[in-house]
Amino acid sequence: MVKKTRDRFIEVARSLFARKGVENTTMNDIAAASDKGRRTIYTYFKSKREIFNAVIESESDDLLKNLSSIVTKAISPEEKLREYVATRMETMREIVSRNGSLRAGFFRDVRKVDRARAVISKKEISMLTGILREGVALGVFDIPDIKEWAIIITNSIHGFDVPYIRNGLSEYGIDKSEMPRMISDLVLNGVLRRRED
């Protein structure tokens, strides 16, 4: 029952934040839309920031589920890396698009984006480390420091979130649908073992 009530508050908050914006939504709004009293919401969340963080965490869990399913697939490390990049980019686009006015905040407040990313970056780095380690063990990838490369790759992919979501590279003739492949190629050309001729 406790988890169900908490999850209900998160879903209602997500909907209100998307429609009205985080700044224009009050704890009273969330309580009323949840058909609960104001005291009840404060039993679960001390502040609007706390419930906002719970919304972000919930969205992050969806992203991490999608990514972890790729890590365990019975496909080559190269295919995993390609699918990982494409899935991460598209899932982030879906999350930002689904959340209406959160989308405006995503583009406006870099610090808020960085705080949200901090929640999942370590887990993303860990998943990528596993893919890279598997590739090195199979002799497919040539990486001097797997952990460092996982950090660099994760942060590089994060750097493409806004251009991908906004289709911001179209002015250069780069179609959004090609970006995941191009980024995967860029990453893979950096880690693939060089073939001796």
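Visitor: Which residues of α5 are buried?

Guide: In this predicted model, the buried residues of α5 are Pro77, Lys80, Leu81, Tyr84, Val85, Thr87, Arg88, Met89, Thr91, Met92, Ile95 and Val96. Buried residues make up 41% of the 197 residues in the protein as a whole.

Visitor: How do you know that the span of α5 is close to the expected one?

Guide: The helix has 22 residues, and the distance from its first C-alpha to its last is 31 Å, which can be set against the 32 Å expected at 1.5 Å a residue. As for its setting, the protein has 10 helices and 0 strands, so that the pattern read along the sequence is α-α-α-α-α-α-α-α-α-α.

Visitor: What makes arginine 88 and aspartate 161 a salt bridge?

Guide: The cut-off is 4 Å between a side-chain nitrogen of Lys or Arg and a carboxyl oxygen of Asp or Glu, and the closest N and O atoms of arginine 88 and aspartate 161 are 2.7 Å apart, so the pair qualifies under that definition. The two residues lie in distant parts of the chain, with arginine 88 in helix α5 (residues 77-98) and aspartate 161 in helix α9 (residues 161-166), 73 residues apart. Arginine 88 and aspartate 161 are both buried.

Visitor: Why are arginine 93 and glutamate 90 described as about one helical turn apart?

Guide: Arginine 93 and glutamate 90 are 3 residues apart in helix α5, and therefore about one helical turn separates them. An α-helix has 3.6 residues a turn, so residues three or four places apart point the same way. The two side chains form a salt bridge whose closest N and O atoms are 2.5 Å apart.

Visitor: Why is glutamate 90 called partly exposed?

Guide: Its relative accessible area is 24%, and because the intermediate class runs between under 20% for buried and over 50% for exposed, glutamate 90 counts as partly exposed.

Visitor: How many salt bridges does a search of the whole structure find?

Guide: The search finds 13 salt bridges.

Visitor: What makes aspartate 35 stand out in its backbone, and is the residue buried or exposed?

Guide: Aspartate 35 has a positive phi of about 60° although it is not a glycine, and its place is in the loop between α2 (27-33) and α3 (38-44). Its relative accessible area is 67%, and since the exposed class begins over 50%, aspartate 35 is exposed.

Technical notes. Residues are numbered from 1 along each chain as its sequence is written. This is a predicted model: local features need pLDDT of at least 70, side-chain atom pairs count only at pLDDT 80 or more; totals for chains, interfaces and linings use all residues. Side-chain values use heavy atoms; hydrogens and water are left out. Helices (H or I, at least four residues) and strands (E, at least two) are DSSP runs, numbered from the N terminus. Buried means under 20% relative accessible area, exposed over 50%, partly exposed in between (1.4 Å probe, protein chains only). The expected span of a helix is 1.5 Å times one less than its number of residues.
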